[in-house]
Amino acid sequence: SRLYNRRGSSGINAEYGNQCLDNAGGSDTFGQHLQIWGCHNLGNNQFWMYRKDRRIMGLLYVFDVDGLSPGSNVILVWIDHKSDRQFFDYNTKTQQLIHRRSGLCVDRHATSRDVIIERCDEYRSQQRWTFQYTYSDRPL
């Protein structure tokens, strides 16, 4: 599979309906859990950029995880240049976001709106994500 460097992305949509990764309520709370909500294309709480360094960043925060085991939450924190927990690869074939350090995939929690990392299963629709818009795509 090929990984792509996507810069300037906006919404990250779930495959199974009109759902987007969301900074719930546009909160600026450090460490807040990333959630999934209906896509609305309003405000900045659903705007994410997949950076060249493989971090996913909103207006204030980047994606991180609060643990390295299945079921750990994806959280929003400041960039930490000493951390190796803020990097995610995107597999264009399976449409999975893979947390680099743990090797686990971004997934939707079974009973809440929280977004977690879980064992990768390319057939699991809750692990398929698409970038709504991209301004620059090139193979890594």
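A residue is called buried when its relative accessible area is under 20%, exposed when over 50%, and partly exposed in between (1.4 Å probe, protein chains only). Asp-107, at 1% relative accessibility, therefore counts as buried. The structure is a predicted model, in which local features need pLDDT of at least 70 and side-chain atom pairs count only at pLDDT 80 or more, while totals for chains, interfaces and linings use all residues. Residues are numbered from 1 along each chain as its sequence is written, and side-chain values use heavy atoms, with hydrogens and water left out.

The protein chain contains zero helices and 14 strands. Helices (H or I, at least four residues) and strands (E, at least two) are DSSP runs, numbered from the N terminus. The order of elements from the N terminus is accordingly β-β-β-β-β-β-β-β-β-β-β-β-β-β. Of the 140 residues in the protein chain, 46% are buried.

Aromatic contacts were considered next. A pair of aromatic rings is described by the distance of the centres and the angle of the planes. Rings of Phe, Tyr and Trp (its six-membered ring) pair if their centres lie within 6.5 Å; planes under 30 degrees apart count as stacked, over 60 as edge-to-face and the rest as tilted. The count by this rule is six aromatic pairs. One of them joins Trp-48 and Phe-63, whose ring centres are 4.9 Å apart and whose planes stand at 70°, so the pair is edge-to-face. Trp-48 lies in the loop between strand S4 (35–38) and strand S5 (49–50), and Phe-63 in strand S7 (residues 62–65), so the pair ties together parts that are 15 residues apart in sequence. Trp-48 has a relative accessible area of 2% and is therefore buried; Phe-63 is likewise buried, at 0% relative accessibility.

For Tyr-50 and Phe-131, the ring centres are 5.8 Å apart and the planes at 40°, so this pair is tilted. Tyr-50 in strand S5 and Phe-131 in strand S13 (residues 129–131) are 81 residues apart, and the pair thus links distant parts of the chain. Both Tyr-50 and Phe-131 are buried.

Ring pairs also link Phe-30, Tyr-61 and Trp-78 into a cluster. Phe-30 is placed in the loop between strand S3 (19–22) and S4 and, at 49% relative accessibility, counts as partly exposed.

Side chains of opposite charge can pair when their charged atoms come close. With a salt bridge taken as a side-chain nitrogen of Lys or Arg within 4 Å of a carboxyl oxygen of Asp or Glu, a search of the whole structure gives seven salt bridges. Among them is the bridge between Asp-53 and Arg-55 (2.7 Å, N to O). Asp-53 is partly exposed, at 27% relative accessibility, whereas Arg-55 is buried, with a relative accessible area of 4%. These two residues and Arg-51 are linked in a network of salt bridges.

Asp-89 and Arg-54 form a salt bridge as well (2.6 Å, N to O). Asp-89 in strand S9 (residues 88–91) and Arg-54 in the loop between S5 and strand S6 (56–57) are 35 residues apart, and the pair links distant parts of the chain. Both ends are buried: Asp-89 has 12% relative accessibility, and Arg-54 has a relative accessible area of 16%.

Asp-107 forms a salt bridge with Arg-124, the closest N and O atoms being 2.7 Å apart. Asp-107 lies in strand S11 (residues 105–108) and Arg-124 in the loop between strand S12 (115–118) and S13, so the pair ties together parts that are 17 residues apart in sequence. Arg-124 counts as partly exposed, at 29% relative accessibility.
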